[in-house]
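Trainee: Please put the model up. I would like to go through its aromatic residues.

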Amino acid sequence: MKEPAFLSEFRALDVTEGKDTHTLMLTEKFQVYSATLDAIITVPHGFTFDGESIPRFLQPLVPPFGQSKRGACVHDYLYRYAGYHSVTGIVIGVNRAEADAVYCELIRAKGLPWWRANMRWGVLRLFGWHAWNSNHRRLLA
């Protein structure tokens, strides 16, 4: 099995406004290889994301940025669209568990120790359902 890999540079600009705390926008497309999906995922230029949506009471232990912003970018993209475009342009759907697993593999590939990556993944599995369901309802509307 191949290892996850970052295929392009991660270039993002802080576009935080008003009461937002962390909003980034990609200034170039960002590509990764996910071993979980055995696929290349391309997050397009201009995509905005808020990093990890960690509940406030957990943020002192699990801050929303750091070694995880690349994984959070791809994860937010997968959550927002419940899938990605393959290299051939076909839309490939993903479920929430797959999106969460991609996040975990990417933050581990970026160098987060396994115990910290698994702690973040666990928080995501516990609290990510709200974001997934909100995005899914928007897609179906």
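Mentor: Rings of Phe, Tyr and Trp (its six-membered ring) pair if their centres lie within 6.5 Å; planes under 30 degrees apart count as stacked, over 60 as edge-to-face and the rest as tilted. This is a predicted model, where local features need pLDDT of at least 70 and side-chain atom pairs pLDDT 80 or more, while totals for chains, interfaces and linings use all residues. Residues are numbered from 1 along each chain as its sequence is written, and side-chain values use heavy atoms, without hydrogens and water.

Trainee: Which residues form one aromatic cluster?

Mentor: The structure holds seven aromatic pairs. One of them joins F10 and F30, with 5.1 Å centre to centre and 75 degrees between the planes. The aromatic cluster is made of F6, F10, F30, F47, F49, Y77 and Y81.

Trainee: Is F30 buried or exposed?

Mentor: Buried means under 20% relative accessible area, exposed over 50%, and partly exposed in between (1.4 Å probe, protein chains only). F30 has 1% relative accessibility, so F30 counts as buried.

Trainee: Why is the pair of Y79 and W132 edge-to-face?

Mentor: The ring centres of Y79 and W132 are 5.1 Å apart. Because their planes lie at 80 degrees, the pair is edge-to-face.

Trainee: How many residues apart in sequence are the parts that Y79 and W132 tie together?

Mentor: Helices are DSSP runs (H or I, at least four residues), numbered from the N terminus. Y79 lies in helix α1 (residues 69–81) and W132 in helix α4 (residues 129–140). The pair therefore ties together parts whose separation in sequence is 53 residues.

Key: Helix = DSSP H or I, 4+ residues; strand = E, 2+ residues; numbered from the N terminus.
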